[in-house]
Amino acid sequence: MLQRDGIRGPVRLALAVSAVAALAAQLTACSDDGTPSDTASKAASAASRAASAVSEAASAVTEAGDALASATAEAGRKFDEFKNGADAKSEVKTSGTASPGSDGRVTAEVTATNPTSSAKSYVVQVDFRDQSGNLLDTTVVTVDDVPAGGSKNATARSNRSLTGDVKTDVARAARH
């Protein structure tokens, strides 16, 4: 199961608070000399606008969840193509933090260290997470021809724009 709830929980709370705040602002903005029906009309209008804003935000959350599901599925397909690989998660590290690019997508350095006696290639799934550990995005990077007993770097790049303090980790890695 994808960690879409990690995205939805805080967003739902923020949306609910925003909707209530918008409604309260509209209600307190009603003048004292308005009629009860005028006040009710203004409240209904404010509630309608708040519901519309919540609906738009919910659509954005759904789109983000769909993008994450697509990226996760693509990572799975790339690992399925990588036949007869040895588990190499302990041989691969990320920089731990992601750096923002000019297009909003973030990057992280990936380092594969090959402990074997011949050159190997690696396929690495890098997860991008927020401060709470919620999965924001995932991508797969290959590190080709890592020399025997040596290391080689590659750059993992998010599939979409990410904001805030983004952390990275190796979800899985294989060597062949």
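## Close-ups of a predicted model

By the rule used here (a side-chain nitrogen of Lys or Arg within 4 Å of a carboxyl oxygen of Asp or Glu), the count comes to six salt bridges. Keep in mind that this is a predicted model: local features need pLDDT of at least 70, side-chain atom pairs count only at pLDDT 80 or more, and totals for chains, interfaces and linings use all residues. Residues are numbered from 1 along each chain as its sequence is written, and side-chain values use heavy atoms, with hydrogens and water left out.

**View 1. Arg175 and Glu91 form a salt bridge.** Look for the closest N and O atoms of this pair, which are 2.9 Å apart. The two residues come from distant parts of the chain, 84 residues apart: Arg175 belongs to strand 8, and Glu91 to the loop between strand 1 and strand 2 (92–94). Strands here are DSSP runs (E, at least two residues), numbered from the N terminus. Are Arg175 and Glu91 buried or exposed? Both are buried, and that word means under 20% relative accessible area, while exposed means over 50% and partly exposed is in between (1.4 Å probe, protein chains only). As for the pairing itself, side chains of opposite charge can pair when their charged atoms come close.

**View 2. Arg129 teams up with Asp169 in another salt bridge.** Here the closest N and O atoms are 3.1 Å apart. Arg129 counts as buried because its relative accessibility is 18%, whereas Asp169, at 27%, counts as partly exposed. The side chain of Arg129 also reaches the backbone oxygen of Gly133, at 2.9 Å. Now find Thr97: its C-alpha atom is 9.4 Å from that of Arg129, although the two residues are 32 apart along the chain.

**View 3. Asp103, Arg105 and Arg157 are linked in a network of salt bridges.** One of the links joins Arg105 to Asp103, with the closest N and O atoms 3.9 Å apart. Arg105 is partly exposed, with a relative accessible area of 27%, and Asp103 is partly exposed too, at 38%. Ser99, in strand 3 (residues 99–100), belongs in this picture as well. Leaving aside neighbours within four places in sequence, Ser99 is in contact (heavy atoms within 4.5 Å) with Arg105, Val106 and Thr107. How far apart are Ser99 and Arg157 in space, C-alpha to C-alpha? The answer is 9.4 Å, for two residues that are 58 apart in sequence. Why is Ser99 called partly exposed? Because its relative accessible area is 41%.

**View 4. Thr94 and Thr168 meet through their side chains.** Thr94 lies in strand 2 and counts as buried, because its relative accessibility is 18%. Beyond four places in sequence, the residues in contact with Thr94 include Glu109, Val126 and Asp169.

**View 5. Asn114 sits in a loop between two strands.** Those are strand 4 (106–113) and strand 5 (120–129). Asn114 is buried because its relative accessible area is 1%. A polar atom of the Asn114 side chain lies 3.0 Å from the backbone oxygen of Val146. Not counting residues up to four places away in sequence, Asn114 touches several others, among them Tyr122, Pro147, Gly150 and Arg175.

**View 6. Four strands make an open sheet in the order 1-8-5-6.** The pairing is antiparallel, and two strands pair if DSSP finds at least two bridges between them. Strand 1 (86–87) and strand 6 (135–146) are the edges, each pairing on one side only. Two bridges join strand 1 to strand 8 (residues 167–175). Which residue in strand 8 is the bridge partner of Asp87? It is Ala174.

**View 7. The largest nonpolar core has 20 residues.** Such a core is a set of buried Ala, Val, Leu, Ile, Met, Phe, Trp, Tyr and Cys residues joined through side-chain atoms within 4.5 Å. Val92, Tyr122, Val124 and Phe128 touch the most other members. Strand 4, strand 5, strand 6, strand 7 (151–157) and strand 8 each give two or more residues to this core. In soluble globular proteins, nonpolar side chains tend to be buried together.

Key
Polar contact = N/O pair within 3.5 Å; in protein donor to acceptor, adjacent residues only side chain to side chain.
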